Amino acid sequence: MNSANTVPLTAPLKSGQPKRALVLPGGGLRLSYQAGILLALEEAGLEFQYFDGTSGGSLNMSMLLSGLKPAEICQRWRTLNLKDTIAFLPLKDYLNVENLEGLGDSKGFRTKVLPHFGIDTARIRVVDSLSASYNVLDYANKAVKVISHRDIDEDMIIAGMSLPGVFPPVRKDGGIYLDTGFVQDANLTETVKNGAEEIWVLWGLGNTGTYRGGPLHLYVQMLEMSANAALNSQLEAVREINRRIEHGDSPYGQTRAIRVHVVKPEYPLPLDPDLYLGKIDHATLIEMGYADGKSYLRAIPGTTAEAQSNPSRMKDPVPGIRFRKCFQGKISLAQQPESKQDLKIELCIHIADLEAFLADPEHAARITGHLSSPAFGPTVLLADSRFSLTSLPNRTRRIGYELRFESENRRYGLVAEQILHDDPGPDMWRDLSTVSAQLFAADPADSRPLGTGTLCLSMGGVKDWLGGIRATETQTVTDELKVVARFARFVLGELYDVYG
């Protein structure tokens with residue numbers, strides 16, 4: 001942890017720079033995704049003078065205010081025991097259904113989750129290097145209550161995450177306090193009132209045109225409707241303020257147009273039950289957030305100052321496949337040819353649209369993940385990485401992994417491939433388990449490899465790969481089995497075409 005009163009991602013406002021605000025909305029336990037974006041923002045050198053947290057986003061904000069760096073926040077999420085988030089109410093409460101206030105108790109968060117995350121409210125209250133605000137719903141007045149970090153306590157952090165029907169409300173000083181999710185899930189207005197001229201919103205709640213039935217989806221969709229509608233309403237208010245600023249009438253002191261960045265996933269994130277069921281883990285969500293953050297940062301030069309209409313809109317989900325692969329081996333670096341470095345790569349391949357993937361001649365898909373090596377670091381996250389499976393002449397297939405990463409402020413590309421070809425003798429297992437790799441500098445003009453190596457997929461790795469194939473965006477177990485079977489038929493068909 002950093003020295004007292006030091007908060008990562010913050011710095012005093014420098015002359016000529018816009019005052020930046022970091023807005024961390026809610027989204028449940030999926031918000032380990034946010035931690036990955038925080039790491040990307042830190043690597044980009046972004047610094048903020050104001051924080052605002054709502055619902056689960058206040059957990060990440062509290063970790064920052066407690067002095068944890070983004071890499072430490074990611075590690076806290078990776079090592080979170082999901083069982084610690086579950087606590088039940090007394091049995092008599094469940095028997096009295098008419099007066100039941102929630103499905104569970106917040107005790108697990110109080111006694112286990114907050115300590116695990118290193119959240120220290122006493123430390124938070126004395127931070128003086130920036131201003132930060134928490135948001136809770138004042139139920140009696142049906143209004144959002146904004147609480148300065150200098151006044152926050154554990155009760156109000158818990159209140160801000162107490163979604164109606166999930167946790168009971170927090171009763172304190174004669175008031176009743178809840179999560180603001182059904183009113184708004186991000187408070188851009190508060191940052192504008194505090195003079196923000198550049199607002200970064202790390203969005204995690206879904207926003208699609210798909211409407212689904214069933215109690216879970218109906219509940220989540222109500223939250224999504226409220227949260228996204230409130231975000232769009234606040235963005236329209238920002239546009240109106242920008243028009244006033246343009247005409248010299250700045251109500252909150254801004255001297256330039258307020259710019260809003262909304263960083264979000266391309267498709268909706270999996271819901272929290274998928275975490276509990278083991279269909280996804282926090283490591284994968286962190287890697288997804290990091291990759292999305294990096295992609296957004298690369299695209300900034302082409303964006304305008306004014307946020308687009310409905311900027312949190314995502315692609316409508318369709319059935320897809322997600323699976324992990326782990327390769328290990330050694331790589332020889334050009335500057336040290338006599339020495340071989342250990343290299344381990346853990347990948348997650350995201351086929352967001354299985355039908356489009358099958359129809360694509362390159363069978364391209366997105367990759368997230370990380371690599372570990374003494375040469376680069378113990379956990380180096382990947383960005384802008386791509387999987388492909390292409391047909392070559394003579395009944396040959398190439399499985400390609402184009403990986404991008406940064407280490408010590410240098411950018412690298414790692415191109416790995418498996419060539420599947422039926423040579424004399426039993427060679428299918430060798431082809432499937434062996435990967436050749438070349439390391440390059442990020443500069444495309446420099447085509448000289450910085451290193452070469454061979455990686456292997458162990459028998460255990462094959463077992464984990466096959467057992468870890470997950471269907472995504474399916475509604476029933478039957479649909480899930482059909483999607484996995486369709487993907488399996490494709491894989492087996494490709495192998496049959498090669499090895500007959």
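Residues are numbered from 1 along each chain as its sequence is written, and side-chain values use heavy atoms, with hydrogens and water left out. Because the model is predicted, local features need pLDDT of at least 70 and side-chain atom pairs count only at pLDDT 80 or more, whereas totals for chains, interfaces and linings use all residues.

User: How are α3 and α11 oriented to each other, roughly parallel or roughly antiparallel?
Analyst: Helix α3 (residues 70–78) and helix α11 (residues 282–299) have axes 8 Å apart and pack at an angle of about 150°, where axes are lines fitted to C-alpha atoms over the stretch in contact and angles run from 0 to 180 degrees between N-to-C directions. Angles under 35 degrees count as roughly parallel, over 145 as roughly antiparallel, 65 to 115 as roughly perpendicular and the rest as oblique. The two helices, α3 and α11, are therefore roughly antiparallel.

User: Which residues of α11 meet C74, W77 and R78 in α3?
Analyst: Contact means heavy atoms within 4.5 Å. By this criterion, C74, W77 and R78 on the α3 side meet three residues of α11, namely H282, A283 and I286.

User: How does α1 lie relative to α11, roughly perpendicular or oblique?
Analyst: The axes of helix α1 (residues 32–43) and α11 cross at roughly 40° and come within 6 Å. That angle makes α1, relative to α11, oblique.

User: How many nonpolar residues are in the contact of α1 with α11?
Analyst: In α1 the contact includes Y33, I37 and L41, and in α11 it includes L285, M288 and L297. Ala, Val, Leu, Ile, Met, Phe, Trp, Tyr, Cys and Pro count as nonpolar, Asp, Glu, Lys and Arg as charged, and the others, Gly among them, as polar. On that division, the contact of α1 with α11 has five polar and three charged residues, while its nonpolar residues number 10.

User: How many of the residues of α11 are buried?
Analyst: Helix α11 reaches 26 Å from its first C-alpha to its last, close to the 26 Å expected at 1.5 Å a residue, the expected span being 1.5 Å times one less than the number of residues. Buried means under 20% relative accessible area, exposed over 50% and partly exposed in between, with a 1.4 Å probe and protein chains only. Helix α11 is mostly covered, and of its 18 residues the buried ones number 14.

User: Is H350 buried or exposed?
Analyst: H350 is found in strand β10 (residues 340–351). Leaving aside neighbours within four places in sequence, H350 is in contact with T284, M288, I321, R322, A365, R366 and T368. At 12% relative accessibility, H350 counts as buried.

User: Is D173 buried or exposed?
Analyst: D173 sits in the loop between β5 (170–172) and β6 (175–178), and its phi is near 50°, a positive value in a residue other than glycine. With a relative accessibility of 76%, D173 counts as exposed.

User: What is the relative accessible area of E473?
Analyst: E473 lies in the loop between β18 (470–472) and α15, and has a positive phi of about 55° although it is not a glycine. E473 is partly exposed, with a relative accessible area of 26%.

User: Which residue takes a positive phi just after α15?
Analyst: Helix α15 (residues 477–499) has 23 residues and reaches 32 Å from its first C-alpha to its last, with F487, F490 and Y499 among its buried residues. Just after α15, a positive phi of about 65° is taken by G500.

Methods
Helix = DSSP H or I, 4+ residues; strand = E, 2+ residues; numbered from the N terminus.
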